[in-house]
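Subject: Handing over the two-chain model

Hi,

Here is the structure I promised to pass on to you. Have a look at it first, and then read on for my notes.

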Number of protein chains: 2
Amino acid sequence: MRDIFEAELAQLGQDLVAMSGRVEQAISSAGIALLTADLQLAESVIADDLAIDALERDLDDRCVRLLAQQQPVATDLRVVVSALRMSASLERMGDLARHVAQVTRARYPVVAVPTGLEATFTQMQDAAVRVARRVTTLLGTRDMALAESIQQDDDLLDELHASTFGAMLAGPWDRSVQETVDVTLLGRYYERFGDHGVSVARRMVYLVTGDVHDALGPVPARSA
Amino acid sequence: MRDIFEAELAQLGQDLVAMSGRVEQAISSAGIALLTADLQLAESVIADDLAIDALERDLDDRCVRLLAQQQPVATDLRVVVSALRMSASLERMGDLARHVAQVTRARYPVVAVPTGLEATFTQMQDAAVRVARRVTTLLGTRDMALAESIQQDDDLLDELHASTFGAMLAGPWDRSVQETVDVTLLGRYYERFGDHGVSVARRMVYLVTGDVHDALGPVPARSA
């Protein structure tokens, strides 16, 4: 009985890693599609999000079944409840990749990112992909050093997000209303990738060390 | 033992209702502050969000303790797992109220909603408050008719959100970049109130009837 349970817990961990890999792929593709106005790639991200949603449902159903059948306690219970929560964060990251792809599709064949902000959004994209990749590795290896890197990229995403407001509000900004709307929404989506990545990282740190504050410092003040 | 468990489950339900009431209050105050540029009220919403976050943590800790100590199965297990998920949605609604209040504070003493869009945002605010109020009542009474009303207000919020894009992109729009950014963000926050309300309603319907599709129809196609 215990052996079966151990195997099921291990499977749960592997499924989270696989789901995170899918999310990482979605973010990577969504960003490439955004920066190159690749309609076909954007469409594939939008279609694939249904698969990510299905992975979340499967994973959640399995968690509830494990709770019912195995009635885990202590660390095992923490693992199952954490999996429920982390899958929700990963699913939201998939939704955000879909949102980025939807903006790309709506502006096609024009590149949705206005001239002059390509470098900023390329940096945001790189940071978001690093966050997702490190989340995948963290889930697989429990290497706690990754949690700190994820936090740093979240800080970077916050800075880059703030710089998009700076570009629109402080500098000369003669772009269309549509471009202003798109930059506002895209910036928000990228900023949220970081938040969700940090959320998964915090849950992993808590799972492994029992204390979120040791590894990532106090919960930071939150921005709009 | 069973009596204690029943009492703990009932308490969990009451705490969710109380949390939802706090969120309803936050949304109501955030909207009044937004539409009247009431700095003091906006500050109180921002400060109170910490209390809503604390309610979520307490509720979640209690759910995990219940799972560990009582090892519920069947319906009881569904109740506890649903509470975990509904508290997360309520917490996000509280965050969104805080975001609205933060925009209000940043624009003070100017009203953040541009002239000409007051009626639209008043309608969005009214719909968001109705959603939150009905979620509170649904959690307390399990009156399934409310789930459908929540869904209708979510549809209304989507329409009103779309109409803000129409105002900015189709009509004459000579507003500042800051106003364009604010309308884009505020519209998104209000649209998300509806999504989270529907998410709680779906979980309640599932909890009571075992089938989300009977009461609210198929899961709708999602928008950006």
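Below is what I found, going from the whole chain to single residues.

Please keep in mind that this is a predicted model, and that the values below are all computed from it.

**The fold of chain A**

Chain A has seven helices and zero strands. Read from the N terminus, its elements run α-α-α-α-α-α-α. Its radius of gyration is 19 Å, close to the 17 Å that the globule rule gives for 224 residues, so chain A is as compact as a globular protein of that length. Along the principal axes, the C-alpha atoms of chain A fill a box of roughly 65 × 35 × 25 Å.

Buried residues account for 50% of the 224 residues in chain A. If you take the contacts in chain A with a separation of 6 or more, 83% of them are between residues 24 or more positions apart. The accessible surface of the chain comes to about 9300 Å², and carbon and sulfur atoms hold 53% of that.

**How the two copies are related**

A:D60 is worth a look in your viewer. This residue is in helix α2 of chain A, which covers residues 39-70. Is A:D60 buried or exposed? Its relative accessibility is 6%, and buried means under 20%, so A:D60 counts as buried. Leaving aside residues up to four places away in sequence, A:D60 touches A:L84 and A:S87 in its own chain, and B:R85 in the other.

**Aromatic rings**

Over all chains, the count comes to four aromatic pairs. One of them is B:F121 with B:Y190, an edge-to-face pair at 6.1 Å centre to centre with 65 degrees between the planes. This pair links distant parts of the chain: B:F121 is in helix α4 (residues 118-141) and B:Y190 is in helix α6 (residues 177-209), 69 residues apart.

B:Y190 also pairs edge-to-face with B:F193, at 5.4 Å centre to centre and 65 degrees between the planes. B:Y190 and B:F193 are three residues apart in helix α6 of chain B, so about one helical turn separates them. Both B:F121 and B:Y190 are buried. B:Y190 counts as buried because its relative accessibility is 1%, and B:F193 counts as buried at 1% as well. In chain A, ring pairs link A:F121, A:Y190 and A:F193 into a cluster.

**Arginines over tyrosine rings**

Finally, there is an arginine over a tyrosine ring in each chain. In chain A, the charged end of A:R78 sits over the ring of A:Y206, 4.9 Å from its centre. In chain B, the charged end of B:R78 sits over the ring of B:Y206, 5.0 Å from the ring centre.

Methods: Residues numbered from 1 in each chain as written. Chains lettered and ligands numbered in written order. Predicted model: local features only at pLDDT ≥ 70, side-chain atom pairs only at ≥ 80, totals over all residues. Heavy atoms only, no water. Phe/Tyr/Trp six-rings, centres within 6.5 Å; stacked < 30°, edge-to-face > 60°. Helix = DSSP H or I, 4+ residues; strand = E, 2+ residues; numbered from the N terminus. Buried < 20%, exposed > 50% of the residue type's maximum accessible area, 1.4 Å probe, protein only. Lys NZ or Arg CZ within 6 Å of the ring centre and 35° of its normal. Rg over C-alpha atoms; globule rule 2.2 N^0.38 Å. Contact = heavy atoms within 4.5 Å. Areas by Shrake-Rupley, 256 points an atom, 1.4 Å probe, with all protein chains shown as cover.
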